[in-house]
Amino acid sequence: MPISLDDVRRQLAIANRILGNEGVIDAFGHASVRHPGNPNRYFLARSRSPLFVEPADILEFDLDSEPVRPLTVQPYGERVIHGEIYKARPDVNAVVHHHSGAVLPFCMTGVPLVPLFHLGATMGGTVPFWDQRDDFGDTNLLVIKPEEGASLARALGNNWTVLMRRHGATIAGTTLQEVVFRSINGCLNAEYQLRAMAIGTIGPLNAAEAHDAGAYNLQSRPMARAWEYWTLRLGERGIFPARKKTAAQRPARAAASRAKTKVAPRKKTAAKRGRKR
Ligand code: MN
């Protein structure tokens, strides 16, 4: 049975929150997924911190990163990263962009990020480095123009992770679960690499090891185990996105509306009044 678009929006909200909860993205950064029924469209949240993304925040764009419907909310400024990678890579169905502190030392120095352990291998055997100056000279370092996104997509090439000079990283995957797994374990690899370099000489996995270990992790068993772990951690913090209740699941209100009786407005708590919508 094909996945419904409601499920796509919900899964993307969960993925955003996992990435926020696991420290990959903070106020900034974003995750997208290609439309399952139309390869020329993709879904991406409105401009808000990924940790708070709701299914209702998910917007639909074409591959030029233009909104499919007129917007009443602000989109992310760097959405061309997603659109241009989907254009360049028909095999990619999900993209994450982040500024994690784990990778920034590599973005600042140009020291190559290399796969050092079995889970880190999922980020790919080769992680290219994109220097925006090569194509554009001095910029504000953001990826806003379509040609900047296209340049980044060229640097990514057929790899799965690309570092961006003094900015962050962009990660591609064939599925949403895969790109989340790759993003989190890529950041762990970067953290461990930094620590390992402080105490000794590092040696990357060789190409065969990186390929085989990376492929093993993407099988359904390890992927499901990791996804369960990350979603349980959202539940523990009470930030797993709530399912929208149907009318049938709201008996008190439904009955009240049927009887056309007035329901006293619920008092807003201080927390609710202060919450940004
Ligand atoms: Mn960015």
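**Close-up views of the predicted model**

**View 1. E178 sits in helix α6, residues 176–199.** Helices are DSSP runs of H or I, at least four residues, numbered from the N terminus. This is a predicted model: local features need pLDDT of at least 70, side-chain atom pairs count only at pLDDT 80 or more, and totals for chains, interfaces and linings use all residues. Residues are numbered from 1 along each chain as its sequence is written, and side-chain values use heavy atoms, with hydrogens and water left out. E178 is buried because its relative accessibility is 7% (buried is under 20% relative accessible area, exposed over 50%, partly exposed in between; 1.4 Å probe, protein chains only). Beyond neighbours within four places in sequence, E178 contacts W160, G173, L218 and M223 (heavy atoms within 4.5 Å).

**View 2. Four residues coordinate the manganese ion: E78 (OE), H97 (NE2), H99 (NE2) and H167 (NE2).** The distances are 2.0 to 2.1 Å. Donors are N, O and S atoms within 2.8 Å of the metal (3.2 Å for Na, K and Ca); water is not among the atoms, so the site may look incomplete. The donor spacing in sequence is E-x18-H-x1-H-x67-H. H97 is buried at 0% relative accessible area. H99 is partly exposed, at 27%.

**View 3. L119, F181, N185, P222 and A226 lie nearest the centre of the second largest pocket.** Its lining has 15 residues. Elements giving two or more of them are α6, α7 (207–217) and α8 (220–236). α8 gives the most, six residues. A pocket is an open set of points on a 1 Å grid over the protein atoms alone, where a 1.4 Å probe fits, with protein on both sides within 12 Å along at least five of seven lines; lining residues have an atom within 4 Å of a point.
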